[in-house]
Amino acid sequence: MATRAIEDASLAERAARGRAARNHAPRSAHGGWEPAANRPDPVDLLEEQAAERVPELIPIRYGRMLVSPFTFFRGAAYVMASDLNTEPRTGLEVQLCGDAHLSNFGTYAGPDRRLVFSVNDFDETLPGPFEWDVKRLVASFAVAGRDRGFDAAQRESVNLTVARSYREAIRSMAEMRALELWYLEIDRDLETIIAEWEARLSPEELKRFERDLAKARAKDSVRALAKLTQVVDGRPRIIEDPPLIVPIEELTGAEEAEHLDAAIHEIVRSYRSTLPADRRRLLERYRYVDAARKVVGVGSVGTRAWIILLLGRDDSDPLFLQMKEAQRSVLEPYLKRSAYSNHGRRVVEGQRLMQATSDIMLGWVHTTKWIDGVDRDFYVRQLWDGKGSAPVDVMDDRTLASYGELCGWVLARAHARSGDPIAMAAYLGSGDVFDRAMSSFAERYADQNERDYEALRSAAEAGRIEVLSGL
């Protein structure tokens, strides 16, 4: 529903629209997922994505996906988008994350330097039906629960907690005034979360949580300078670690290398124009020093991601930026095209809408026939700025449920900012019908994820795809 339509409708009309959505998308129907008879081969879909990526990096992507069914799930957002397209739709649209699995939630530093917790990956963001994000989130907990060896009852308890947290948060937010909702907690402050969790965590878990928090706080450009660079001829240079980190000079032809500095300065100037005036002034205090291609993540491997080192007042005043390629969203074949011609801007605008506070250096850029002779879109952010993720691999079922409760609340708040929480709350209702449907869907989809994981493994064993492990 467009903002104008929401403004023109009464509260009763908005609630009625939510209840009416149950007619064409019953809440219980979300739990009955089965693969379509003509379901595409998941390996074909992954290979379709690979065609637009750096060829020599694709084997690394497959190697990371084949570590476990959970890492496969992380890299298979396109596969799941194809499956969600066959599901009944509520028609209640929000700004979707597009890849709302549990590892895409985490910490980052807000403008006041507090660590906050929120959704922190928006490569696939696009407007669409709210339930697509909820299904991917709850399914990720089901897959992670299996990875942790939890039994069916434990996983059901976790799944229900995630879905219930989302539903109850939406219903609570539907009662708020518009401005009250917009300011709501300005994302979740980590100190508040620790206070809330102290009674739930064992002493060992609390100690690990605080240790991870301290590690996240230490992740900034100064730490990146110490870890990722060395001094060469009196100048900081990014340390080469092929194929994961490759200096930019090694990826350019001899002719282009002569104009490399000028090209990067032009890219930085173009990026700067997308920042607010005060941030432009800040960026002007830095000068370009070095750049390299750096492999990141699981699903993102193969997209072009650069790290750019800038220095301010002296060599101890670094700013490390990440310039990450933004291709079309995996949701775009199944939903409306983005309103933005630049996919970097699509990512940035979606992130700003879903987060209450975002990276102060968030911007975008379009490059014209740079490096490989192809026009490309990128978004830009700080490389390390308090970024951290939860240690899901060591959580017991009780702690994972608590983490799921937090993720459900954060996703609900992100959706309530862009969608109509009154209509969504009316659709979701006060009972647990939606929660149970999401839990059922999550387990059914975890079964499918395991089959797809085995399909990728078989493709590797048959030589259909090349795999590099351990990178």
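**Close-up 1. R436 and E156 join two helices of this predicted model.** R436 counts as partly exposed, at 44% relative accessibility. The side chain of R436 meets that of E156 in a salt bridge, with 3.8 Å from N to O.

**Close-up 2. E249 and R237 form a salt bridge.** Here the closest N and O atoms are 2.9 Å apart. E249 belongs to the loop between β8 (245-247) and α13 (254-257), while R237 is in strand β7 (residues 235-238), so the pair ties together parts 12 residues apart in sequence. R237 counts as buried at 19% relative accessibility, whereas E249 is partly exposed at 33%.

**Close-up 3. R345 and E349 pair up within helix α16.** Their side chains meet in a salt bridge of 3.1 Å, N to O. The two residues are four apart in the helix, which means that about one helical turn separates them.

**Close-up 4. Helix α3 (residues 42-50) has a buried side.** Its buried residues are P42, V43, L45, L46, Q49 and A50. They lie on the same side of α3 because they cover an arc of only 160° around the axis. These residues pack against α4, α5, α6 and α19. At the N-terminal end, D41 caps α3, with a side-chain oxygen 2.9 Å from the backbone nitrogen of V43.

**Close-up 5. L179, W182 and Y183 form a nonpolar surface patch.** Together they have about 360 Å² of accessible area. W182, in helix α9 (residues 178-182), is partly exposed at 37%.

Note on methods:
Residues are numbered from 1 along each chain as its sequence is written. This is a predicted model: local features need pLDDT of at least 70, side-chain atom pairs count only at pLDDT 80 or more; totals for chains, interfaces and linings use all residues. Side-chain values use heavy atoms; hydrogens and water are left out. Buried means under 20% relative accessible area, exposed over 50%, partly exposed in between (1.4 Å probe, protein chains only). The arc is that of the directions from the helix axis to the C-beta atoms. Contact means heavy atoms within 4.5 Å. A polar contact is a pair of N or O atoms within 3.5 Å; within protein, one must be able to donate a hydrogen and the other to accept it, and residues adjacent in sequence count only if both atoms are side-chain atoms. Patches are made of residues with over 30% relative accessible area and no salt bridge: like charges are joined within 9 Å, nonpolar side chains (Val, Leu, Ile, Met, Phe, Trp, Tyr) within 5 Å. Accessible areas come from the Shrake-Rupley method with a 1.4 Å probe; for residues, only the protein chains shown count as cover. A salt bridge is a side-chain nitrogen of Lys or Arg within 4 Å of a carboxyl oxygen of Asp or Glu.
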